[in-house]
Amino acid sequence: MTSRVLAVLGAFDAAHPALTLSDIARRSGLPLATTHRLVAELVTGRALARAADGRYTIGVRLWEAGLLSPLHTRLREVALPYLQELYTTVRENVHLAVWDGDEALYVEKVTGHKSVPTISRTGGRLPLHATGVGKALLAYAPPEVVAAHLRRPLRRCTAYTVTEPGRLARELATVRERGWALTHEEMTLGSCSVAVPVRDADGVVVAAIGVVGHSLGANPQRLVPALRAAADGVAARLAEAAQSSIRPVQRRSA
C-alpha cells in the first residue's frame, strides 16, 4: 500500500503540478481503479486537493509535513540570512543545494528582477556534473561514489557541458585543490556559475552555495571570498545547532 501511495504522489513534479485521474494512473503505472481509490483517500486526508477543473494537485497536508523536513527546519532556515546577505553583495542568483541521488536538489534560491533568468527553482533538481553547486558537491564525495558517477552516461545539457569522464575527473580534482567550482554555459547558454562547499560540524560537505549570472566568466574568482564567507557562516551556525542539540539539560537547584 505504501509503495502505491508513493507512486501516486511521485506522479507529480515541477513539470506536472496538476494532473487528471488518468494522468496519475498513467504516470504512476497503477490501474485506474486503484488510482481512483487511493486518490480519493488522499483527498480526504488533504494530501491531495481537487481543483475546480477536476485536476488534482499536492494538498496542504503534504506542504505542512514538508516544512518539518530537516532541510527546511535546519539547513534552509540557518542558511537563508547568509544567502540574502550574499545576494545583496553580488546581485546575482544565489543557490543553496544538497546532493540527492545523481542530482543537485535546490533547497533555496534568492534572486531579483534584474538577475539573469535561470531554470533552477527551489525544490528542483539539476545534474551534478553541469552545475556549479553540483560540481562542488560531487568533488567532495567519497572516491568510490565519484568513480561510480563517472561511469554513468552524463547528459549533455548544452554544447559546453563536460560529459567526458576523464575531463570531469580532472575538473573535480581542481575543485578540491582550489576549494571552489566553476561552470561556463554548461547548464544554460549565457549563464556561468561559481560555487563553494558547506561543511557540517564534522567537516563533511553537506551542501553547496553558488552564484549564477551572465557576467561571471571574466573574473569568477572575485565572488569566491563572498561565497566562502557565506559558507563559513552557515557552517558555524550548523555547528552551533549540533552542539546545542547534544548539550545536557542543566537541572535547576532546589
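Visitor: How many disulfides does the structure hold?
Guide: Glad you started there, and please keep in mind that this is a predicted model. A disulfide is a covalent bond between the sulfur atoms of two cysteines. To count here, a pair of cysteine sulfur atoms must lie within 2.5 Å. The number of disulfides in the structure is 0.

Visitor: Is Cys192 buried or exposed?
Guide: The cut-off for buried is under 20% relative accessible area. Cys157, at 21%, is partly exposed. Cys192 has a relative accessibility of 9%, so this cysteine counts as buried.

Visitor: What share of the residues of the protein chain count as buried?
Guide: Here is the overall picture first. The protein chain has 9 helices and 8 strands, and its accessible surface comes to about 13,700 Å², with 55% of that belonging to carbon and sulfur atoms. Of its 254 residues, the share that count as buried is 41%.

Visitor: Which residues have the most contacts inside the largest nonpolar core?
Guide: In soluble globular proteins, nonpolar side chains tend to be buried together. The largest such core in this model has 28 residues, and those with the most contacts inside it are Val94 and Ile209.

Visitor: Which element gives the largest share of this core?
Guide: Two or more residues each come from helix 5 (70-90), strand 3 (93-100), strand 4 (103-110), strand 7 (192-199), strand 8 (205-213) and helix 9 (224-246). The largest share is 7 residues, and the element giving them is helix 5.

Visitor: How many residues are in the second, separate core?
Guide: This second core is separate, and Leu126, Ala141, Leu150 and Leu172 are among its members. Its size is 24 residues.

Visitor: What is the bridge partner of Val94 in strand 8?
Guide: Strand 3 and strand 8 run antiparallel and are joined by 5 bridges. Leaving aside neighbours within four places in sequence, Val94 has contacts that include Leu83, Tyr87, Ile209 and Val211. Its bridge partner in strand 8 is Val211.

Visitor: Which residue of strand 4 stands opposite Val94?
Guide: Strand 4 also runs antiparallel to strand 3, with 7 bridges joining the two. Among the contacts of Val94 are Glu108, Lys109 and Val110. The residue standing opposite Val94 in strand 4 is Val110.

Visitor: Why is strand 3 largely enclosed by the rest of the structure?
Guide: Bridges join strand 3 to strand 8 and to strand 4. Strand 3 is described as largely enclosed because of how many of its 8 residues are buried, namely 6.

Visitor: Which residue takes a positive phi in the hairpin of strand 3 and strand 4?
Guide: This hairpin has 2 residues between the strands. The positive phi is near 65°, and the residue that takes it is Gly101.

Visitor: How many of the 8 residues of helix 6 are buried?
Guide: Helix 6 covers residues 132-139. Its buried residues include Gly132, Lys135 and Leu138. Helix 6 is largely enclosed by the rest of the structure, because the number of its residues that are buried is 8.

Visitor: Which residue has a side-chain oxygen that reaches the backbone nitrogen of Gly134?
Guide: This contact lies at the start of helix 6, and Gly134 itself is buried. The oxygen comes to within 3.0 Å of that nitrogen, and it belongs to Thr131.

Terms used. Residues numbered from 1 in each chain as written. Predicted model: local features only at pLDDT ≥ 70, side-chain atom pairs only at ≥ 80, totals over all residues. Heavy atoms only, no water. Buried < 20%, exposed > 50% of the residue type's maximum accessible area, 1.4 Å probe, protein only. Core = buried A, V, L, I, M, F, W, Y, C linked by side-chain atoms within 4.5 Å. Helix = DSSP H or I, 4+ residues; strand = E, 2+ residues; numbered from the N terminus. Contact = heavy atoms within 4.5 Å. Areas by Shrake-Rupley, 256 points an atom, 1.4 Å probe, with all protein chains shown as cover. Pairing = 2+ DSSP bridges. Polar contact = N/O pair within 3.5 Å; in protein donor to acceptor, adjacent residues only side chain to side chain.
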